[in-house]
Amino acid sequence: MSNWTDDIPSDVPDQPELVSLRREGDLAWLTIERPDVMNCLSFPTLRRLRSLCASLAQDLSIRAILLTGAGDKSFCAGADLKERKTMPKERVPLFVKNIRRTMDDVEALPQPTIAVINGFAFGGGTELLLACDLRIAASHAQLGLTETTLAIIPGAGGTQRLPRLVGRSRAKDLILTGRKLDAAESERIGLVNRVVPLERLHEAARELALQIAANGPVAVRAAKAAIDQGCEAPLPQGLEIEARCYERVLPTQDRLEALAAFAEKRKPNYTGS
């Protein structure tokens, strides 16, 4: 997790109302609260998201994080182009750096993250969901890295995360054309994990998160780390990473609780210790 305060200009206001955090048992819901502008990412919104990520990264009592947008039209429509249009030229690189760092902060969260895609997700919105571990979309959702249609490129990880998820050739097709995908195609190519009707979206996302949260939290975080750190490495190096992550679970009380619960034919009670 990067030190987000190093990258945020002092004149960017802290506006907690832009992104809400709601705790639900072992789960946390992060919601971008800008439905009037399709939940797009302004500089203050990035500040709020990065602040919340820094806080959540330290709270290991949270076992899964769900990220969504307010309303039923847009998950996140990317960068706030009205803000960008009036932004001084010398400030643009700093904004781009922060939108990139925001995605990095989401990806670096130790807990599993689920993008709950409730509508449009274009440009930086798709890059945001690519930074999450899992993606569940409403059937009416549309996704796309549309930056080349605006004479720019995906600059917050899209050119790197999308090919790793769907393959290089398919990623080039999507990025170079800037075309938009519906939810069904997104699921077919592996861009999203599941598609459900809008009225079931939050329920289905919660069910998925609870299924994760029911498992040993240290093991879940270790498995996530093993995949993230090892899957792009050569196999021998990846196996070493896996071995080191496995060592993290050996001394835990949860591992002993799992063995006891199995022997006693009961559901384990994992505490994260």
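Glu-257 is buried, at a relative accessible area of 17%; buried means under 20% relative accessible area, exposed over 50%, and partly exposed in between, with a 1.4 Å probe and protein chains only. The model is a predicted one, in which local features need pLDDT of at least 70 and side-chain atom pairs count only at pLDDT 80 or more, while totals for chains, interfaces and linings use all residues. Residues are numbered from 1 along each chain as its sequence is written, and side-chain values use heavy atoms, with hydrogens and water left out.

Glu-257 belongs to helix 11, which covers residues 253–264. Helices (H or I, at least four residues) and strands (E, at least two) are DSSP runs, numbered from the N terminus. Leaving out residues up to four places away in sequence, Glu-257 touches Arg-266, Lys-267, Pro-268, Asn-269 and Tyr-270, where contact means heavy atoms within 4.5 Å. For Asn-269 there is also a polar contact: its backbone nitrogen lies 2.9 Å from a polar atom of the Glu-257 side chain. Such a contact is a pair of N or O atoms within 3.5 Å; within protein, one must be able to donate a hydrogen and the other to accept it, and residues adjacent in sequence count only if both atoms are side-chain atoms.

The view now widens to the whole chain. It has 11 helices and 10 strands. Its radius of gyration is 19 Å, close to the 19 Å that the globule rule gives for 273 residues, so the chain is as compact as a globular protein of that length. The radius is taken over C-alpha atoms, and the rule is 2.2 Å times the number of residues to the power 0.38. Along the principal axes, the C-alpha atoms fill a box of roughly 65 × 40 × 40 Å. Of the 273 residues, 48% count as buried. Among contacts with a separation of 6 or more, 70% are between residues 24 or more positions apart.

Phe-43 lies in helix 1 (residues 43–58), and Asn-98 in helix 3 (residues 92–108). Phe-43 counts as buried at 3% relative accessibility; for Asn-98 the value is 0%, and this residue is buried too. The C-alpha atom of Phe-43 is separated by 8.9 Å from that of Ala-79, 36 residues apart along the chain.

Arg-135 is in strand 7 (residues 134–138) and is buried, with a relative accessible area of 5%. A polar atom of its side chain lies 2.7 Å from the backbone oxygen of Cys-132. Apart from neighbours within four places in sequence, Arg-135 is in contact with residues including Ala-115, Ile-117, Leu-165, Leu-191 and Val-192. Leu-66, 69 residues apart from Arg-135 in sequence, is 9.6 Å apart from it in space, C-alpha to C-alpha.

The chain exposes about 13,400 Å², of which carbon and sulfur atoms supply 54%; areas come from the Shrake-Rupley method with a 1.4 Å probe, and for residues only the protein chains shown count as cover. There are 36 positive and 35 negative side chains, and the centres of the two sets lie 2 Å apart. Lys and Arg count as positive and Asp and Glu as negative, without His and the chain ends; the place of a charge is NZ of Lys, CZ of Arg, CG of Asp or CD of Glu.
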